[in-house]
Structure formats: C-alpha cells, structure tokens
Amino acid sequence: MRKASILLVALLTVGLMGWAGGSTESGKKAPAQTTTATAAKAEPITYEGKVTGYLPLVDKPITLTYWCPFKEDTAKIMSSFAEIEMFKVMAQKTGITLKFIHPPLKQEAENFKLMVASRDYPDVVELTYQKADLYPGGPDQAIKDGVFLRLNELVDQYAPNYKAIMKFSPTMERSLKTDTGNLFAFQMIEKVVQPAYGGPAVRQDWLNDLGIATPTTMDDWYAMLKAFKEKKGATAPLLIEKNAGADGYYAFISAYGVIADFFRDETVAKYGPVEEGFRQYLATMNKWYAEGLIDHDFLSWDGQTGANTLKKFSTGQAGAIETGFYSFGRYELTTTDPKFKLVGVPYPVAKKGDVVKMRQYNEQVRGDPTFVTKASKYPVEAVKLLDYNYSDQGTMYCNYGVEGQSYTMVDGKPQYTDFVKNNPKFPGSVVTTIACRHEGPFIRDYARTFFSYKQNALDAMNLIWNGDQSGMMPKTLALTAEEGTRLNTIMSDIKTYVWEMMPKFIMGVEPMGKYDAFVAQIRKMGIDEAIRIKQASLTRYYKR
Amino acid sequence: MSGKTIDARKLGGILSRDFTINRSLYAMALPVLVYFIIFSYVPMYGVTIAFKRYNPSLGILGSPWTGFENFKNFFSSYYFWRLIRNTLVINLQNLAFGFPAPIVLALLINELRGQAFKRTVQTISYIPHFVSTVVIAGIIIDFARTDGLINTWIVALGGTAGNLLTRPELFRTIFVGSGIWQEVGFGSIIYLAAIMGINPELYESSRIDGAGRWGQLLHITLPSIAPTIIILLILRMGSMMNVGFEKIILLYNAMTYETADVISSFVYRKGLLEADYSYSTAVGLFNSLINFTLLLLANRLSRGINETSLW
Amino acid sequence: MKRSLGERAFDAFNVLFLCGLSFLFIVPFAHILFSSVSDPMRLMKTPGLILWPHGFTLKGYLFALSNRNIYTGYMNTLVYVTAGTALNLLFTSMMAYVLSRKGVLLNNAMMFLLVFTMFFSGGLVPFYLVVRGIGLYDSRLAMIIPGLVSVMNMIIMRTSFQGIPESLAESAKMDGAGNWTILFRIILPVSKALLSVIGLFYAVGHWNAWFNGSIFLRDRNKFPLQLILREILVIDDVTAKSDILLDGSEMDFYRPLVKFATTMIATLPILFIYPFIQKNFTQGVMIGSIKG
C-alpha cells in the first residue's frame with residue numbers, strides 16, 4: 001500500500017512540474033500581439049492646447065515591461081492593469097504596449113528590494129507610495145550604481161510635456177531633482193496643491209447651543225472644552241490620537257511653533273522636542289488632561305473612524321476631534337443625535353495674532369516616482385510614453401479613463417459614469433482603479449473624486465484648515481547613504497524616547513518638573529548631530 | 001570516541017566500513033542533505049551582511065566590510081539592555097507557563113469520558129491558533145479598555161477602572177497570557193497523540209496492581225510522553241531570544257514601552273525609518289548565537305540526565 | 001468500574017473547566033463569524049466583541065465571493081497542501097528513519113548540521129537568489145520545494161521512530177528486508193498517529209503559507225489563498241490613507257464585512273480537519289509508549 005502512495009506522489013510531482021510552469025503569463029491572451037503597425041494616422045499630442053508631438057510614438061509596436069504596485073479593487077476582477085480599457089487604448093494609440101509586473105498587494109517594498117538584489121530589472125519601475133529613497137542611498141546612489149537612468153538629457157530631448165510642467169512653478173524643478181541636479185523620475189504632479197486635508201473639527205451644534213464662537217486660540221479651546229465637559233456632559237471632550245504631535249496633522253502643538261519632529265524655521269532645521277515651545281505644549285496638554293478635557297483613553301485610539309472613536313463621537317462623549325475631511329461623513333452617519341453638525345475650525349494659535357506655520361501639508365510634487373532603468377533597451381521610447389501621460393490627452397486618460405466608458409463630458413467638465421460610480425461589483429464605492437489611475441506619473445486632479453463629500457467637509461479642507469506651511473520640512477529632502485544610516489541610528493533611540501515620554505508628560509505620569517532632564521537626555525542621545533545632518537540636507541535642497 | 005586519538009588510516013577504515021554497511025541509509029539521507037545544502041548552506045554566505053554595509057548593486061559579496069560596526073550600533077543603543085531584558089523575561093514567562101499549559105490541557109482532555117465531547121473540545125481549543133494576530137490584538141485591546149469588559153468586573157469588585165494596556169506591570173501578563181490562550185490548543189495536539197498512543201495494557205496491569213488515576217498519570221502517562229516533552233523543551237530553549245514583533249506592535253504604547261519593547265519591535269521600527277539589511281542581519285545573528293548556545297547547553301544537560309537528547 | 005467520589009468530583013470539575021475554556025477559545029471565532037453577517041451600519045457603531053449577529057446580511061459573503069482571486073487561491077492552496085504534505089512526509093520520514101538507526105557513524109554529525117540550519121541562515125536575499133537560480137521563479141514548485149523538510153518535525157519523527165521496539169526491525173532484517181522495505185512496510189504503518197500529527201503540522205503550514213508566494217510568484221493565478229487574504233486584510237497605513245481620500249460614499253462601510261467574510265472563507269476548512277486526523281491517534285505507536 002505504501003508503494004502505491006509513493007507512486008501517486010511521484011506522479012503528482014511529475015504532473016506538478018508540467019503544470020507548475022516557468023514564468024508563463026496567466027491564461028489570458030497576451031495583449032502584446034495587437035498589430036497596430038500601420039495604426040492611426042499621425043495624431044497630434046497637445047499640452048495646454050499647443051501641439052508638442054504626434055502619435056504613434058514608435059514606428060514599430062514594442063512592448064515595455066512595467067513594474068508597479070497593483071490596486072486592491074482592480075485585483076478583484078482583473079489580474080493586471082493591462083486589462084483596463086484605458087491602457088489598451090493607450091497601447092493602441094502610442095504603439096507601445098505595457099507588460100505589467102505586479103508584486104502582491106502590500107508587499108511592494110519587500111519585492112522591490114529583492115528585485116534590486118537579483119538585478120533583474122524591467123524597463124520601467126513605478127514606486128507608487130514608496131519614497132524615492134527605497135533604494136538604499138536614494139536616487140543619486142541608484143543612478144551612480146547604474147540601476148536607474150539620469151533623465152535630464154532624455155527629458156530635454158524627448159519629453160516636451162514633462163519639460164513644460166517642470167517649469168510650472170519655481171519650486172517644481174527643485175523638488176523634482178536631487179541635490180546633485182539629477183532628474184531621476186517622472187512623478188505625480190498636482191498643479192493645484194491639495195490644501196491641508198486634516199485638522200481640528202468641532203460640533204457646531206454644541207457651539208450654537210452654548211453660544212460659543214469658533215475657537216481660534218488655545219485659551220478659546222480651553223474654555224470651550226470646559227463648557228463641553230460641564231454643560232454637555234462630555235467625558236472626553238477632545239479626542240486626540242496616540243502619537244498626537246508626532247503623527248497626525250499637528251494641530252495644537254503647532255500653536256507653540258513646534259511639532260514633535262524635525263521642522264524648519266526659514267532655512268534652519270530644528271527638532272521640536274528640544275525647543276521651548278514643546279514644553280509649553282506639554283504643559284498645556286497636561287493641564288487639559290488633568291481637568292478631564294482630553295480623552296483619557298487616547299492611547300487606545302483606534303483610528304479616525306475606528307469603532308471606538310465613532311462611538312465616542314456619536315454618543316456625545318466627545319465634542320472635538322483632530323481628523324480628516326473624508327471622515328466627516330462617517331461621523332454624521334453614525335451619530336444618534338439628529339442635531340449633530342460638524343465643522344472644521346482653524347488650527348489654534350497660542351495668542352491672538354500668531355501665525356501657525358505647521359499643519360498637514362502637501363506639495364505640488366506628490367511623489368510616486370517612476371524610473372527608467374539602465375537595463376532597458378528602449379529608454380527613449382519609455383521616456384516618450386511616460387511623457388505622454390502629462391499631455392492633455394494623457395491627463396484625461398489617467399484621471400478619468402476612456403471617454404464613453406468611464407466618463408462623459410457634461411458642460412465641458414468630465415463626469416464619471418456609473419461604471420465607476422455605481423459598479424455592481426463594488427457596492428457604493430467610487431472605483432476609479434478599474435478605469436484609470438489613482439496615482440502614478442501624471443498630472444493629477446486630486447478633487448475629481450470628491451463629488452460625494454458634503455459641503456462642510458470640503459469647506460474644512462478648502463477654506464478653514466489651509467494656511468501658512470512654511471514651518472514644514474520639504475518632502476523631497478535627500479540624505480546620502482552615510483547620512484541616512486547615521487541619522488537612523490541616532491533617531492531610533494530618540495524617537496523611542498520621545499514617543500515614550502510625551503504621553504507620560506501629558507498624562508501626568510512624568511511630572512513637568514522633570515522636563516529639563518528629558519531635554520538633557522535627548523541631547524545626550526545625539527540630537528545635535530542629527531539636527532546638523534538635517535540642516536545639511538536642507539541647505540543642499542535650497543541650493544538645487 | 002572521546003579522548004581517543006585515532007590515526008587517519010584507522011579513521012578511514014572505520015568510515016568506509018560504515019559506508020558499506022549503511023549504504024542504503026546514507027542513500028536515503030542523501031536527497032534531504034542535498035536539499036539542505038542547496039537551500040540552507042549555500043545561502044549562508046549572506047550572514048556576512050552583518051559585517052558589511054550592503055549595497056544591492058554590488059551584491060552581498062561585493063559590499064564593503066564594516067567589521068563590527070553594525071553590532072556596535074546595536075550594543076550601544078540606549079535601550080539595549082532593556083530590549084534584551086524584555087525579550088528574555090517574556091520568553092521565560094512563556095516557558096514557565098506556556099510550555100506546561102498544552103501538556104496539562106492534553107492530560108485534562110484525555111480524562112474526558114464522552115468521545116463526542118472530547119473531540120469537540122479539542123477542535124474548539126485549537127481554533128484561536130488560526131485566528132490572525134490582528135483580530136486577537138483587537139479583542140485584547142477591547143477587553144482592556146477603561147470601559148471594557150474586564151474593567152467592568154474590576155469596578156464591580158470594588159476597584160478603580162483604568163485602561164489595562166497602559167500599565168507596564170500588566171503588559172507581560174497580558175501578552176504571555178493571550179499567547180497561551182491562542183496556542184495551548186494547537187500545542188496540545190502532539191501530546192494528545194502521544195498519550196492516546198500509549199498501550200492500554202499498561203493501564204490495565206497498573207489498575208490490577210491497584211493504582212488510581214493519579215498514580216496512572218504519574219507512573220505511566222507522564223513517563224511515556226517524557227521523551228516528547230524533553231525534546232520539545234530542548235528545542236524551546238533554542239528560541240529564547242525570539243519574540244515576534246507583530247503582536248507587540250499591536251499591543252504596546254508609550255506607557256508600556258518599559259516592559260513591552262523587545263528586540264524585534266525595536267528593529268522593526270528602525271526598519272521603517274530606513275531599510276537597513278545590515279543592521280537587522282547583525283541583530284539576527286546575535287540572537288541566533290545566543291539561541292544556539294542555549295540549545296547546546298540544554299542538549300548537553302539533557303544528555304547528562306537521561307537518554308533523550310538531540311545528539 | 002467503580003470510581004471514587006474524589007474521582008467523580010474531579011470529572012465534574014474537569015468538564016466544567018473545559019467547557020469554560022472552550023467558551024474562551026471560541027470567542028474570537030464567534031467574533032469573526034457574527035461580524036461577517038452583521039449589518040455593517042450597526043457594526044460600525046458597536047465597538048468590542050460581536051458575540052451574536054447584529055442585524056443580518058449575507059452581502060459580505062456575496063461580495064467576498066465576487067473576488068475572482070478567492071477561487072484561484074483555493075484551487076492553488078488545495079494542490080499545495082496535498083502535494084506538499086505528501087512530499088514533506090516522504091522526505092522527512094526518510095531522514096528521520098536514518099537518524100533513528102543505531103550504529104550509523106555520521107548520524108550525530110548530520111543531526112548537528114540540520115539543527116544548525118534552524119538557527120543560522122543567510123537571510124532573505126541569498127535564499128531568494130538561490131531559488132531563482134534554480135529556476136523556480138514564478139513556478140508553483142516554489143511553494144513546495146523550499147520548506148520541503150522541517151527540522152523540527154523531523155526531530156519529532158526521529159524521536160518517535162527511536163521508540164519503536166528494535167525487535168520489529170530486527171526480525172524484518174533477519175528475513176532479508178532492506179532499509180527501504182523496513183521503513184515503508186514496518187515503521188510507517190505502525191506510526192499512523194505520528195504521521196497524522198506531523199502531516200497535520202505540514203498541512204497547516206501549507207495552508208497558511210504566503211510568504212514564498214509573495215516573493216517568488218508573479219502570476220496572480222498561482223497565488224495561494226493566504227496571500228490573497230493578506231492582500232485584503234493587512235493594514236498598510238500608506239495605501240489605506242490614500243484610498244480613504246478616494247472614497248467618500250456612505251456605503252463603503254461594506255468593506256470590513258467583506259474582510260470578515262473572506263477570513264471565514266479562507267479559514268473554515270482547516271478548522272474542521274482535526275476530527276478526521278484524530279481517529280488515527282489511537283492506532284499504533286506514538287512515542288516511546290511500548291517498552292521493548
């Protein structure tokens with residue numbers, strides 16, 4: 001009987017080998033065989049109405065391998081981006097078909113590292129959501145190591161659209177290049193910068209009931225929260241998150257001119273926890289906590305729309321929260337109080353007339369770098385194709401998809417169709433990721449999917465939370481490999497220490513009397529060297 | 001073979017005789033050995049990353065040597081001793097309570113009379129093993145809240161409520177306890193299999209000799225499964241430096257860093273700031289050395305005391 | 001057979017105690033199960049344990065099942081589990097058998113070499129390069145060959161084989177049986193309990209496996225079930241934040257329901273394997289139970 005099982009196993013194994021296959025594609029037909037050699041006649045490509053080139057981009061159709069992360073919703077019904085109509089249409093028009101290589105969802109960083117280790121590079125690598133310095137040492141090192149291409153010359157010659165957008169604003173070009181002047185990737189650009197999408201929000205109905213005006217200073221907040229507690233019975237008037245001041249949107253802490261991280265004062269790099277403002281922040285929070293104005297369970301914060309947060313808000317235990325505009329709807333949906341009305345309020349200041357300089361902030365260069373690899377046999381074609389995304393036509397494709405299928409023009413403005421807004425496979429969700437791109441190398445209109453948000457949420461973002469951002473570090477600062485390692489080593493300990501001590505001060509477990517010792521300890525851990533490293537990086541940034 | 005000097009020719013003679021006699025055995029072992037050579041020993045050169053600064057485009061072999069720098073970074077961390085202490089204490093507590101627990105459970109389940117009930121309990125007991133850590137952590141967090149279930153009992157018994165996960169002195173208990181709850185069922189399977197395989201005749205004859213259930217337990221059941229227990233215990237000693245970071249990260253917060261931050265969670269956080277292979281490999285190597293030493297000691301001890309050991 | 005009062009008391013206590021434990025054990029399962037069929041609106045407002053359905057809807061399962069990856073994932077995992085476990089048992093028992101024999105000079109050395117690999121490894125990158133070098137990239141075999149033998153399981157098997165009385169093997173030898181015959185005709189048949197347990201361990205390992213798939217498989221149609229599940233469940237801060245910016249519609253709160261439903265779908269089968277395994281426990285020898 002054993003012999004039979006062995007035979008069975010052997011057969012299974014042999015059968016497996018055959019079926020296991022090598023790197024075969026899925027059962028679907030490879031789309032690369034579209035014979036569009038003759039294609040359409042030369043179609044013009046335009047940028048802001050002016051012609052910048054012609055389709056198709058190549059004489060003979062070619063295929064480029066394209067590594068990029070996949071999207072969850074797309075994965076439910078497709079096995080790669082190649083099945084999206086928009087990519088098929090683009091392939092036909094440009095003559096360049098993309099063969100996608102998708103790592104499993106959420107395993108992108110790991111897979112990128114292994115791809116680099118195995119040196120098996122595709123033509124194009126798109127690092128959606130990953131920082132550009134996922135490659136150790138950053139883009140400069142990657143170019144030096146011969147992994148990615150320096151794009152300056154190629155863009156100059158073959159990417160008129162991208163060249164045009166680079167000149168869009170003074171900071172654009174600086175943000176797109178490295179300290180040594182390398183242009184290293186095509187990135188996601190937003191012509192209109194998204195305003196701060198998170199900040200403090202308060203129950204308008206309570207303000208009305210109590211006759212309180214919109215709070216603008218920390219003292220206003222103190223009075224308001226007290227009123228919430230005493231007159232409205234709120235047990236946790238203000239909800240803040242676990243690492244408030246370090247993560248999140250920096251409301252309240254920014255009133256004191258600091259955040260719990262690196263920030264800048266003009267062109268000088270600073271670290272919040274060793275600045276005087278940080279002491280004042282902690283002292284205030286400590287006072288508020290002691291008087292029951294802050295949620296005593298803030299260490300168990302389970303997210304802006306976590307069940308506990310929702311419960312506290314909807315049952316009237318809380319009256320104020322630091323949140324994102326996209327969560328407003330959720331609060332309104334779950335509340336049991338018909339009078340519940342939420343409104344965004346400005347980032348508070350310490351005293352009237354102050355200006356808050358740190359908040360949630362976004363830049364025109366949104367990130368998501370897309371590289372062309374040195375190993376590619378078609379660098380020119382790759383650059384041309386990526387450049388197409390930034391043309392007028394490419395912008396429409398990437399933002400909205402294919403006209404007629406995923407959007408139609410209504411009064412000169414694109415509107416998504418039911419395919420995107422009401423697809424039966426995705427109940428009640430706006431699924432752009434089966435029709436176009438959510439992020440990637442193109443000019444994105446971030447607001448295109450915001451039609452389902454209510455006015456109060458949109459106002460909070462557009463009108464109220466926005467403001468001076470000059471205290472924030474630029475998002476595209478670069479460190480050399482040595483700097484990176486050194487900073488990392490120093491900051492591991494410091495971050496642990498700061499994150500550990502902050503809530504302790506707030507909760508009164510560590511008395512404010514010991515604050516000086518706290519700062520001394522941070523200095524002992526080497527913060528000054530870390531600040532110097534950051535300063536060097538900042539200085540180089542401004543020299544670009 | 002200890003202490004004897006054997007000259008090369010004698011050794012060669014002994015070996016070749018061994019190969020001749022046990023030819024089929026060595027043939028049987030060969031595929032597995034080849035497997036380990038390919039998948040475990042060939043890649044072992046990667047350990048050298050711990051002594052280098054890894055540059056992916058230079059590859060592991062081409063990356064520059066940095067000596068003990070990565071280790072120095074780790075050892076000189078302000079939190080080094082705290083991390084080691086927490087890691088070891090959690091594992092010791094796990095050893096003291098988590099190792100015997102599945103054995104006890106297996107013994108208890110074995111005493112059950114009804115077969116259907118027995119099988120049901122066994123099946124239910126290992127379900128938590130399959131529930132993801134994220135869900136388990138969510139349940140624990142919920143239990144521990146100021147307005148959560150456990151605090152309701154505490155208040156009912158006259159105590160004061162407070163979020164239990166903010167108390168450093170409670171963290172290890174919660175962490176180890178929930179780990180036992182999650183694993184005790186699955187861990188008991190192997191002991192149950194061992195117990196149920198014991199020859200019933202042994203029980204019969206001891207009953208005839210007048211032994212009660214307790215006596216049977218002490219003199220038949222336990223000795224019969226002793227080899228299993230010992231081997232698993234030795235192997236367990238080889239993971240004293242391992243505490244998985246996932247559950248720690250989900251459960252800890254600023255208030256409990258003091259007792260909760262372990263080596264793996266620290267390294268994980270560091271990896272978030274910047275992916276640094278060299279550092280994490282160095283730490284991993286350090287852990288492995290300690291683990292392996294402990295295993296060798298445990299094995300030596302076991303060999304001295306009884307006949308059950310790895311080699 | 002008479003049981004004393006003390007013993008009866010113990011039995012009663014035992015039953016009660018195990019009932020209590022069972023309740024504790026089933027709590028997380030109940031939470032997932034009832035969450036998966038509860039009304040999402042009510043679920044959103046109810047933090048904590050869901051120990052009964054709050055409202056009822058099967059929409060979560062409907063949407064979970066509309067994910068094509070579930071089906072491919074299931075088929076793949078079933079194959080990985082059966083083929084994988086069979087190969088595991090084969091090779092593990094071969095090695096365990098050899099190491100359990102007396103008089104084999106290199107046994108201790110081989111054992112040491114194997115245990116050594118449990119502690120020291122070259123890390124992910126060289127492992128990845130080796131597997132790729134062999135040609136297993138994007139091959140289903142990448143889910144089966146790496147991990148072929150677990151040293152831990154092999155040690156348990158060896159200990160068990162050592163407990164089998166030598167007389168059995170001896171008499172077979174005297175009849176002229178070679179080692180292969182002894183292993184397959186004598187040792188294994190008498191080790192049904194052991195094979196069931198180790199088989200269960202390997203099978204569970206295969207069922208839960210996702211990591212090798214995540215780095216070696218490119219074709220989504222080869223993904224195992226747990227990899228699919230992980231794609232849906234794992235909290236990834238970065239993507240999550242930006243996807244929130246995308247969805248503003250009120251009804252997107254079905255997503256948590258789909259997560260629970262998918263978890264149930266991907267976990268249920270393995271939970272109910274145990275009763276089938278358990279009946280093998282009373283047959284034959286487990287470990288050191290028959291004194292020779």
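User: What volume does the second largest pocket have?
Analyst: About 1300 Å³ of space lies in the second largest pocket. Bear in mind that this is a predicted model.

User: Which residues lie nearest the centre of that second largest pocket, and how many line it?
Analyst: The lining comes to 43 residues, and S100(C), K102(C), Q162(C), G163(C) and E166(C) are nearest the centre of the second largest pocket.

User: And which elements give two or more residues to that lining?
Analyst: From chain B, helix 13 (213-237) does. From chain C, the list is helix 4 (68-100), helix 5 (107-119), helix 7 (151-163), helix 8 (166-174) and helix 9 (179-187).

User: How does the lining of the second largest pocket split by class?
Analyst: There are 19 nonpolar, 15 polar and nine charged residues in the lining of the second largest pocket.

User: Switching to cavities. How many of 30 Å³ or more?
Analyst: The count is seven cavities of 30 Å³ or more. The largest cavity holds about 70 Å³ of space.

User: Which residues line the largest cavity?
Analyst: Chain B provides I127(B), F130(B) and V131(B). From chain C come F29(C), I32(C), T263(C), M264(C), T267(C), L268(C) and L271(C). By class, the lining of the largest cavity has eight nonpolar, two polar and no charged residues.

User: Which element gives the largest share of that lining?
Analyst: Helix 14 of chain C, with five residues. Helix 8 (127-130) of chain B and helix 1 (5-37) of chain C also supply at least two residues each to the lining of the largest cavity.

User: OK, now chain B against chain C. What area do they bury?
Analyst: About 7900 Å² is buried between chain B and chain C, with 78% of it on carbon and sulfur atoms. On the chain B side, M28(B), F39(B) and F130(B) supply 9% of the area buried against chain C, more than any other three residues. F130(B) is also among the residues lining the largest cavity.

User: How many residues does the contact take from each chain?
Analyst: The contact takes 87 residues from chain B and 89 from chain C.

User: How many salt bridges and polar contacts are there between chain B and chain C?
Analyst: Chain B and chain C have one salt bridge between them. R213(B) and D11(C) meet in a salt bridge through their side chains, at 2.6 Å from N to O. Polar contacts across the interface of chain B and chain C come to 15 residue pairs. Helix 2 (residues 23-41) of chain B gives the largest share of the side of chain B that touches chain C, 14 residues. That side of chain B divides into 63 nonpolar, 17 polar and seven charged residues.

User: What about chain A and chain B, how much area is buried there?
Analyst: Chain A and chain B bury about 3100 Å², and carbon and sulfur atoms give 48% of that. In contact are 37 residues of chain A and 34 residues of chain B.

User: How many salt bridges does the rule find across that interface?
Analyst: Three salt bridges between chain A and chain B. D302(A) and R145(B) form a salt bridge at 3.9 Å, N to O. There are also eleven residue pairs in polar contact between chain A and chain B.

User: Which helix of chain A gives the most to the side that touches chain B?
Analyst: Helix 18 of chain A, with 16 residues. By class, the side of chain A that touches chain B has 13 nonpolar, ten polar and 14 charged residues.

How values were computed
Residues numbered from 1 in each chain as written. Chains lettered and ligands numbered in written order. Predicted model: local features only at pLDDT ≥ 70, side-chain atom pairs only at ≥ 80, totals over all residues. Heavy atoms only, no water. Contact = heavy atoms within 4.5 Å. Buried area = accessible area lost by both parts, 1.4 Å probe. Salt bridge = Lys/Arg side-chain N within 4 Å of Asp/Glu carboxyl O. Polar contact = N/O pair within 3.5 Å; in protein donor to acceptor, adjacent residues only side chain to side chain. Helix = DSSP H or I, 4+ residues; strand = E, 2+ residues; numbered from the N terminus. Nonpolar A, V, L, I, M, F, W, Y, C, P; charged D, E, K, R; others polar. 1 Å grid on protein atoms, 1.4 Å probe; cavity = no way out; pocket = protein on both sides within 12 Å on 5 of 7 lines; lining within 4 Å. Points joined across faces, edges and corners; volume = space filled by probe spheres on them.
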